[in-house]
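Hi there,

Here is the structure I promised to pass on. Please have a look, and then read my notes below.

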Amino acid sequence: MNVRSNSVLPRSPTRPALVAIALLCAAGPAGATGNAARGQTLYKGCADCHSIDENGVGPMHKGVVGRKAGSVPGYDYSPDLKNSGIVWSEENLDKWLISPQAMVPETKMFFDVPDAQDRADIIAYLKEKAR
Ligand code: HEC
């Protein structure tokens, strides 16, 4: 029996590198330049739970860029997000979309966007269309 299975090893060195690249991108002003038109298409993935103007599974996104987290009236937030003190700057939205749980461990949003360009495009869309 071969217990020294190496099948997962070749992948592990690339992961930290990707994370490092993602973090480097996030360090600039919103990292990659966002394309709002492309973001609109990508937003369909968010639309299972969110819309711009109405609360659903998730809170409405009207005015989300620059808004205080957990502040939409009538939406039942997790206590952790509500009390997080986060303000949704572009940087924070980028961090959130990398992993909501990494930012707010008890949040009830389970969805992440691993690609930096995708995140930048979604944020550009929110900035333009969800004002
Ligand atoms: C599977 C459902 C689901 C999907 C898909 C989803 N979200 Fe969410 N989202 C939620 C829930 C639920 C919350 C509330 C989290 C809480 O209260 O902890 C939330 C909260 C948020 C918040 C915080 C808003 C506020 O008012 O503080 C932002 C920003 C957000 N989502 C953005 C997005 C974006 C952008 C996408 C698409 C890339 C997305 N979400 C996809 C369910 C989802």
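What follows is a short tour of the chain, the ligand shell and one proline.

First, two words of housekeeping. This is a predicted model, in which local features need pLDDT of at least 70 and side-chain atom pairs count only at pLDDT 80 or more, while totals for chains, interfaces and linings use all residues. Residues are numbered from 1 along each chain as its sequence is written.

The protein chain has 6 helices and 0 strands, where helices (H or I, at least four residues) and strands (E, at least two) are DSSP runs numbered from the N terminus. Its pattern along the sequence is α-α-α-α-α-α. Of the 131 residues in the protein chain, 21% are buried; that term asks for 20 or more other C-beta atoms within 10 Å of the residue's own, with exposed meaning 12 or fewer, partly exposed in between, and C-beta atoms placed from the backbone.

Now to the ligand. Around it are 26 residues, of which Cys46, Cys49, Gly58, Ser78 and Met109 come nearest (a residue is near if its C-beta atom, placed from the backbone, lies within 6 Å). Helix H4 (residues 90-98) supplies the largest share of this shell, 3 residues.

Finally, Pro79 is part of helix H3 (residues 79-82). Is Pro79 buried or exposed? Pro79 counts as exposed because it has 9 C-beta neighbours inside 10 Å. Pro79 also sits 8.2 Å from Glu106, C-alpha to C-alpha, although the two are 27 residues apart in sequence.

Best wishes
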